[in-house]
Amino acid sequence: QVQLVESGGGLVQAGGSLRLSCAASGSIFRINAMGWYRQAPGKQRELVATISSSGTINYADSVKGRFTISRDNAKNTVYLQMNSLQPEDTSVYYCNANIATTSLFIFRNYWGQGTQVTVSA
């Protein structure tokens with residue numbers, strides 16, 4: 001079994017910062033891409049940022065220049081540093097990781113439970 005455990009959400013004023021963490025644990029053989037998605041009430045889940053195992057990064061246009069994704073492969077952990085937060089960033093943020101649990105290299109996507117980020121005006 002694989003688990004993704006997120007932490008770091010909370011309430012912050014506009015212009016403030018938060019740092020999210022997501023640690024993968026369990027029967028992990030190899031982790032490919034890791035990333036963050038978010039879902040606001042009444043909206044579809046959307047990509048925030050992804051980072052490959054080699055460090056290639058992709059950001060949603062709405063967060064470029066404000067958010068920074070990074071990962072620590074030794075700790076199977078991905079981070080999201082969020083600066084200059086705005087009310088429109090308010091969402092539940094979900095961690096995602098593409099993981100193979102055996103040497104067969106069959107990868108599947110795993111999701112965290114989500115962490116609430118609320119930005120007040």
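**Exercise 1. Salt bridges**

Task: How many salt bridges does this predicted model contain, and which residues form them?

Solution. 
Step 1. Apply the cut-off: a side-chain nitrogen of Lys or Arg must lie within 4 Å of a carboxyl oxygen of Asp or Glu. By this rule the count is 4 salt bridges.
Step 2. Look at individual pairs. R38 pairs with E46, and their closest N and O atoms are 2.7 Å apart. K64 pairs with D61, with 3.1 Å between the closest N and O atoms. R66 and D89 also meet through their side chains, at 2.7 Å from N to O.

**Exercise 2. Buried or exposed?**

Task: Classify R38, E46, K64 and D61 as buried, partly exposed or exposed.

Solution. 
Step 1. Take the pair R38 and E46. R38 has 5%, so this residue is buried. E46 has 36% and therefore counts as partly exposed.
Step 2. Take the pair K64 and D61. K64 is partly exposed because its relative accessible area is 49%. D61 has 65%, so D61 is exposed.

**Exercise 3. The surroundings of R71**

Task: Where does R71 lie, and which backbone oxygens lie close to polar atoms of its side chain?

Solution. 
Step 1. R71 belongs to strand β7. Its relative accessible area is 17%, so R71 is buried.
Step 2. List contacts, leaving out residues up to four places away in sequence. R71 touches I31, N32, A33, M34, I51, S52, S53, T77, V78 and Y79.
Step 3. Pick out the polar pairs. A polar atom of the R71 side chain lies 2.8 Å from the backbone oxygen of N32. The backbone oxygen of S52 is 3.1 Å from a polar atom of that side chain.

**Exercise 4. N98 and its partner**

Task: With which side chain does the side chain of N98 make a polar contact?

Solution. 
Step 1. N98 is in strand β9. With 18% relative accessibility, N98 is buried.
Step 2. Beyond four places in sequence, N98 is in contact with R30, I31, N32, A33, F107, R108 and N109.
Step 3. The polar contact is with the side chain of N109, at 3.2 Å.

**Exercise 5. Nonpolar residues inside and outside**

Solution. 
Step 1. The largest nonpolar core has 29 residues, and W36, L80, M82 and Y93 touch the most other members. The strands that each supply at least two core residues include β1 (2–7), β4 (30–39) and β8 (77–82).
Step 2. Take M82 as an example. Apart from residues up to four places away, M82 touches G16, S17, L18, L20, R66, F67, Y93 and V117.
Step 3. Turn to the surface. The patch consists of F29, F105 and F107, with about 260 Å² of accessible area together. F29 is in the loop between β3 and β4, and at 37% relative accessible area F29 is partly exposed.

Technical notes. Residues numbered from 1 in each chain as written. Predicted model: local features only at pLDDT ≥ 70, side-chain atom pairs only at ≥ 80, totals over all residues. Heavy atoms only, no water. Core = buried A, V, L, I, M, F, W, Y, C linked by side-chain atoms within 4.5 Å. Buried < 20%, exposed > 50% of the residue type's maximum accessible area, 1.4 Å probe, protein only. Helix = DSSP H or I, 4+ residues; strand = E, 2+ residues; numbered from the N terminus. Contact = heavy atoms within 4.5 Å. Polar contact = N/O pair within 3.5 Å; in protein donor to acceptor, adjacent residues only side chain to side chain. Patch = residues over 30% accessible without salt bridge, like charges linked within 9 Å, V, L, I, M, F, W, Y side chains within 5 Å. Areas by Shrake-Rupley, 256 points an atom, 1.4 Å probe, with all protein chains shown as cover.
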